[in-house]
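Biologist: Hi! Could you walk me through this one?
Modeller: Happy to, let's have a look together.

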Amino acid sequence: MAFNKRVKIKSLLEQPLIGAEVTIMGWVRTKRSNKNVSFIALNDGSIITNYQVVADPNVISEETLKKCSTGACLKVNGTIVESQGAGQAAELHASSIEVLGEADPEKYPLQPKKHSLEFLREIAHLRMRTNTFSAVFRVRHALAYAVHKYFNDKGFFYIHTPIITASDAEGAGETFKVTTLEIGNPPRTEDGAVDFKQDFFEREANLTVSGQLEGELAALALSEIYTFGPTFRAENSNTTRHLAEFWMIEPEMAFYDAEDNADLAEDFLKYLIRYALENCEDDLKFLEARLLEEEKSKPADQRSEMGLIEKLKFVADNDFVRITYTEAIDILKNSKPNKKKKFQYLIESWGADLQSEHERYLVEKHFKKPVILTDYPKEIKAFYMRQNEDGKTVAAMDILFPGIGEIIGGSQREERMDKLVQRMEEMHIPTEEMWWFLDTRRFGSTPHAGFGLGFERMVQFVTGMGNIRDVIAFPRTPGNAEF
């Protein structure tokens, strides 16, 4: 077979090799034929562009050509020649075609026509063969690589934090339980409760909702670290912004305060966007055209003011707006949607928990720029956030993006032992179970900070996809664990 001699379509398009004999392999996107010749558009996933294979029926048997239907996988040997048609500088004149895998055209669900994103989610095992999803996942790869490159170049260390944990970092209780006990008939204690002493870990355990707490432990030894791993929330949210399984990037930095934290987060987001602009041009151009076509069916006031690439450049090239929660509440309270009762959740007083509609109003209508919101009321934020001197707010930071809402959440962490214990007691978080976390405040504590970036939301923003289920290969959502 000599698979190792295969030339990728991406490299052929970058360097045509006119006159060379090559072997390419890939999947048929389309085939059109006349009496004299068949034109086969082949794609191997290395680039969004197909490569044209020209098959002469005097050279390639009719039986083989018949099997070269949409979806079939081919190995093609031939000679690269200059293309006579428009759109491509060169094409491959086939000397032999081997059908590696047939695709029955009567049954293959991806035919050369438009398919809805909803339909494609039902066949997620095949949807990466479409232009839209191959583009999305190439961009996703580039962004993942850029995450590691950014932190590595800044001297951060990559830490693998546990996927199975006994703590609920957010304190929200929306966790997936991990157990080896028999679900229908678990062992019980004398008072009738499930006896977790007989479970694998001899205690209750769950899938992690965040690597942050363990990340803090590492930062208080290595100074600057980051995690990048899967996280799980058993939140029954059927929205375009939520998944039950998603990936989080969580840097934690010793010797950082709230301002340092915001500076790093803004720089990081801009770096990722610039990396995608520089390395995913073909895919972003395709996704921009797809978005433009999709928006034609929307009312004019719901369409984007900028194209996808223009929007990405705008965010990468402009300073983010920085305001406090208190300033945001004043803006929202006096806004038209609030006064005219257009918000689903009306803003009536300081202390309200901001919803997606409020975040998007600030970003998309009021400032028309990404916004960094700081100094939230302590009552609506997690126990580990540093309390400000006013006694009412914490040194929290959320970054809000157009079309997404919150994309980053973070804070300066509470490094003072007495303040942290007091807050944990107020929120009924058992200090004895968190002894290891408190030890870092007991021994050599220091100001430190960190944030979490939901990777799928970042991919959503860069690709322009409207639903978070379309930027992860196999989405896990309420009622859906297929594939």
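**Around helix 12**

Modeller: Let's start here: histidine 428 follows helix 12, and the phi of this histidine is positive, near 60°. Keep in mind that this is a predicted model.

Biologist: Okay! Which residues are buried in helix 12?

Modeller: In helix 12, which spans residues 417-426, Leu420, Arg423 and Met424 are buried.

Biologist: Why are they on the same side of helix 12?

Modeller: Because they cover an arc of only 100° around the axis, they end up on the same side of helix 12. In general, an α-helix has 3.6 residues a turn, so residues three or four places apart point the same way.

Biologist: And what does the face turned away from the buried side carry?

Modeller: That face of helix 12 has the exposed residues Asp418 and Glu425.

Biologist: What covers the buried residues, then?

Modeller: The cover includes helix 13, residues 435-442.

Biologist: New topic! At what angle do helix 7 and helix 8 cross?

Modeller: Roughly 115°, with the axes of helix 7 (281-295) and helix 8 (308-317) coming within 8 Å. Helix 7 brings Leu284, Lys285, Leu287, Glu288 and Leu291 to the contact, while helix 8 brings Leu308, Ile309, Glu310 and Leu312.

Biologist: How many of those are nonpolar, and how many charged?

Modeller: Six are nonpolar and three are charged, with no polar ones.

Technical notes: Residues numbered from 1 in each chain as written. Predicted model: local features only at pLDDT ≥ 70, side-chain atom pairs only at ≥ 80, totals over all residues. Heavy atoms only, no water. Axes fitted to C-alpha atoms, helices over the stretch in contact; angles between N-to-C directions. Helix = DSSP H or I, 4+ residues; strand = E, 2+ residues; numbered from the N terminus. Contact = heavy atoms within 4.5 Å. Nonpolar A, V, L, I, M, F, W, Y, C, P; charged D, E, K, R; others polar. Buried < 20%, exposed > 50% of the residue type's maximum accessible area, 1.4 Å probe, protein only. Arc of directions from axis to C-beta.
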